Amino acid sequence: MPLQPCDGLFEYAGISLIERGHPIRTVAPTAEVVATIDAAQYRTGQGPCLDAIAEHHVYRTGDLTAEDRWPAFTPAAAETGIRSMLAYRLFVTDTTLGSLNLYSHARDAFSDQVDEDGRLFATHAAIALAGAQAQAQLHAAIGNRDMIGMAKGILMQRHDLDPAQAFRMLVESSQHTNMKLHQVAAWLVEHRREP
């Protein structure tokens, strides 16, 4: 369902995220057309959101069918019916970059005032996104800690070890297998009944 902002100018929104070690992806698209147009940017390596992320600027288009900054991207974008885009870089964390992207079927949909108002909204979106990522990392860390604790318990029971010895055994296995500690622990817990 399209967004219904008070000025009636943009219809859709989404966030593009680049996280260290992962490909760029679209999160929270308000419609399928957002995912489609973003996929065209990622596939061609061109577009407003990619430039906003890379160059720390706001990128605004008035008519994608007449745009010459992204020659590989704009034909695919025009097929979606989207004519105007506005992309803001999001400062999230040192391992994650992103952009807040607004889309409209109308030509010249974004005024200078919308551009300015969007900067404030992008700042709030970055703060919310950073908070959500921190919470997700905390949940993952708790899950990893619990998995490591279970693996230590298995080793303590099997080999009559104390907690420090069991942990050391996990660390050594991690180093020898070139796997992260929580991955070794998960493997041990999953295969605990095997001889």
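Biologist: If a salt bridge is a side-chain nitrogen of Lys or Arg within 4 Å of a carboxyl oxygen of Asp or Glu, how many does the structure hold?

Modeller: The structure holds three. Before going through them, note that this is a predicted model, in which local features need pLDDT of at least 70 and side-chain atom pairs count only at pLDDT 80 or more, while totals for chains, interfaces and linings use all residues. Residues are numbered from 1 along each chain as its sequence is written, and side-chain values use heavy atoms, with hydrogens and water left out.

Biologist: OK, which residue forms a salt bridge with Arg107?

Modeller: The partner is Asp63, and the closest N and O atoms of the two are 2.8 Å apart. This pair links distant parts of the chain, 44 residues apart: Arg107 is in the loop between S5 and helix H4 (112–159), and Asp63 is in the loop between strand S3 (59–61) and helix H3 (74–79). Helices (H or I, at least four residues) and strands (E, at least two) are DSSP runs here, numbered from the N terminus.

Biologist: And what does Arg69 pair with?

Modeller: Arg69 forms its salt bridge with Glu67, the closest N and O atoms lying 2.7 Å apart. Arg69 is partly exposed at 39% relative accessible area, whereas Glu67 counts as buried at 14%. In these terms buried means under 20% relative accessible area, exposed means over 50%, and partly exposed is in between, with a 1.4 Å probe and protein chains only.

Biologist: That leaves Asp146; which side chain does it meet?

Modeller: The side chain of Asp146 meets that of Arg145 in a salt bridge of 3.2 Å, N to O. Arg145 is exposed, with a relative accessible area of 54%, and Asp146 is partly exposed at 39%.

Biologist: What is Tyr103 in contact with?

Modeller: Leaving aside neighbours within four places in sequence, and taking contact as heavy atoms within 4.5 Å, Tyr103 has partners that include Phe10, Tyr12, Val34, Ile37, Ile82, Met85 and Phe110. Glu11 is also in contact with Tyr103, and the Glu11 side chain makes a polar contact of 3.4 Å with the side chain of Ser104. A polar contact is a pair of N or O atoms within 3.5 Å; within protein, one must be able to donate a hydrogen and the other to accept it, and residues adjacent in sequence count only if both atoms are side-chain atoms.

Biologist: Is Ser104 buried or exposed?

Modeller: Ser104, which is found in strand S5 (residues 96–104), counts as buried at 1% relative accessibility.

Biologist: How about S1, how many of its residues are buried?

Modeller: Seven of the eight residues of strand S1 (residues 12–19) are buried, so S1 is largely enclosed by the rest of the structure. S1 and strand S2 (residues 25–27) pair in the antiparallel sense over three bridges, where pairing requires DSSP to find at least two bridges between the strands. Leu17 stands opposite Arg25 in S2, and the two strands form a hairpin with five residues between them, with Gly21 in the turn at a positive phi of about 85°.

Biologist: Last one: which residues of H6 are buried?

Modeller: In helix H6 (residues 181–190), Val184, Ala185, Leu188 and Val189 are buried. Seen down the axis of H6, the buried residues fall within an arc of 135°, so they line one face of the helix; the arc is that of the directions from the helix axis to the C-beta atoms.
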